[in-house]
Amino acid sequence: MLRIIEASWVPWASITFSGARHRLRLALDESVVAHAWFVALPELELPLGGHLLADLHVATLETADGVLHAAIEALTVEEC
């Protein structure tokens, strides 16, 4: 089961776009599939109503006691 350990965001803007920077800490029971999902996550198409996912990366991915722990950082922008 995927668990959200911590989630936060801060507003972000450039001259032409506005959105937010997001940080998530997630935990998922360790498996080959779970590890592959975290590795593939930055390349997945993730639909977000009213927003575009501009950037996503897995900052850390660690295993402890049979659980994968990941820190995810993402940038979303509002759709024009």
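1. Within strand S4, Ile-72 is the bridge partner of Val-58, and this pair belongs to the antiparallel run of S3 and S4, which are joined by 12 bridges. Strands here are DSSP runs of E with at least two residues, helices are runs of H or I with at least four, and both are numbered from the N terminus; two strands count as paired if DSSP finds at least two bridges between them. His-51 stands opposite Glu-78 of S4, while in the hairpin of S3 and S4, which has two residues between the strands, Asp-65 adopts a positive phi near 55 degrees.

2. This is a predicted model, in which local features need pLDDT of at least 70 and side-chain atom pairs count only at pLDDT 80 or more, whereas totals for chains, interfaces and linings use all residues. Residues are numbered from 1 along each chain as its sequence is written, and side-chain values use heavy atoms, with hydrogens and water left out. The pLDDT, the predictor's confidence in each residue from 0 to 100, averages 95 over the protein chain, and 100% of the residues score at least 70; confidence is lowest in H1, with a mean of 94, and highest in S1, at 98.

3. The four strands form an open antiparallel sheet in the order S1-S2-S4-S3, with strand S1 (3-13) and strand S3 (51-64) at the edges, each pairing on one side only.

4. Buried means under 20% relative accessible area, exposed over 50% and partly exposed in between, with a 1.4 Å probe and protein chains only; of the 80 residues of the protein chain, 22% count as buried.

5. Leu-26 deserves a separate look. Leaving aside its neighbours within four places in sequence, Leu-26 is in contact (heavy atoms within 4.5 Å) with Leu-2, Arg-3, Ile-4, Ile-5, Phe-38, Leu-68, His-69, Ala-70 and Ile-72. Across the protein chain, 51% of the contacts between residues at least 6 apart in sequence join residues at least 24 apart.
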